[in-house]
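Please look through the sequence and the model shown here before reading on.

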Amino acid sequence: MSLAEQINRVCTHIVQHLDEELTLDQLSRVAAVSKFHLHRVFVAQTGITLFKFIQLSRLRKASYQLAFNKDTKIIDIALDAGYESPEAFARSFKKTFGRTPSQFRNQPQWLEWQLTQSQLVQPGEREMKVTIVDVRETKVAVLEHCGAPERVMESVEKFIQWRKTTGLSPVKTSQSFGVP
């Protein structure tokens, strides 16, 4: 297994298990290398530490919840992100995104958010599992994003708001498909 494949396995494992405790011992087993070697190669390949990658991944998930699940309390988002208090979450969120969770919820600044999230780029190629399925005819609503890729979240936010006002909320009656 190549170095990039090992790091990708670890990154994928982290993203899929954000709600769980993630330890260096556990992640080194995922990569099949010693924890000391994993730490060194992870920093060399990604430019950030494992801890920073986990933190940014959890804050990314929290930022989506803040922007798109406005009914969820900030304290619940903080606890879900692994923080022991809303104050610790707020400090970390502000340090990372330059805004408090409340400020971000009220007016997300997706360009600044995108700059922070660019640190989460994973090395190497990603393995995709492709399954071809037949689906019944489906009505589709589309919002095309025209503009800088860094601003795509602004279009996503508009589309989600439209869906909520029309009663086409994905959790109630409709599926969502993102086509880049």
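This is a predicted model: local features need pLDDT of at least 70, side-chain atom pairs count only at pLDDT 80 or more; totals for chains, interfaces and linings use all residues.

Residues are numbered from 1 along each chain as its sequence is written, and side-chain values use heavy atoms, with hydrogens and water left out.

**Overall fold**

- The protein chain has nine helices and zero strands, where helices (H or I, at least four residues) and strands (E, at least two) are DSSP runs numbered from the N terminus.
- The C-alpha trace of the protein chain spans about 50 × 45 × 30 Å along its principal axes.
- Of the 180 residues in the protein chain, 34% are buried, a term that means under 20% relative accessible area, with exposed meaning over 50% and partly exposed lying in between (1.4 Å probe, protein chains only).
- Among contacts (heavy atoms within 4.5 Å) between residues at least 6 apart in sequence, 56% join residues at least 24 apart.

**Aromatic residues**

- The whole structure holds ten aromatic pairs, counted when rings of Phe, Tyr and Trp (its six-membered ring) have centres within 6.5 Å, with planes under 30 degrees apart called stacked, over 60 edge-to-face and the rest tilted.
- One of these pairs joins Phe89 and Phe93, which is tilted at 5.6 Å centre to centre and 50° between the planes; because the two are four residues apart in helix α6 (residues 86-97), about one helical turn separates them.
- Phe93 also pairs with Phe97, and this pair counts as tilted because the ring centres are 4.6 Å apart and the planes at 50°.
- Phe89 is buried at a relative accessible area of 0%, and Phe93 and Phe97 are buried too.
- Tyr64, Phe68, Tyr83, Phe89, Phe93, Phe97, Phe104 and Trp110 form one aromatic cluster.
- Ser63, in helix α4, is buried with a relative accessible area of 0%, and apart from neighbours within four places in sequence it is in contact with Phe93, Phe97, Phe104 and Trp113.

**The buried side of α8**

- Trp110, Trp113, Thr116 and Gln117 are buried in helix α8 (residues 110-117).
- These residues lie on the same side of α8, because they cover an arc of only 115° around the axis, the arc being that of the directions from the helix axis to the C-beta atoms.
- The buried residues of α8 pack against α4, α6, α7 (101-106) and α9.

**The largest pocket**

- The largest pocket has a volume of about 1500 Å³, the volume being the space filled by probe spheres set on grid points that are joined across faces, edges and corners.
- On a 1 Å grid over the protein atoms alone, a pocket is an open set of points where a 1.4 Å probe fits, with protein on both sides within 12 Å along at least five of seven lines, and lining residues have an atom within 4 Å of a point.
- Of the 36 lining residues, Phe159, Arg163, Gln175, Ser176 and Phe177 are the closest to the centre of the largest pocket.
- Helix α9 gives the largest share of the lining, eight residues, and α4 (50-68) and α9 (152-166) each supply at least two.

**A loop residue**

- Ser34 sits in the loop between α2 (24-31) and α3 (35-46) and is partly exposed, with a relative accessible area of 41%.
- Ser34 and His13 are 21 residues apart in sequence and 17 Å apart in space, C-alpha to C-alpha.
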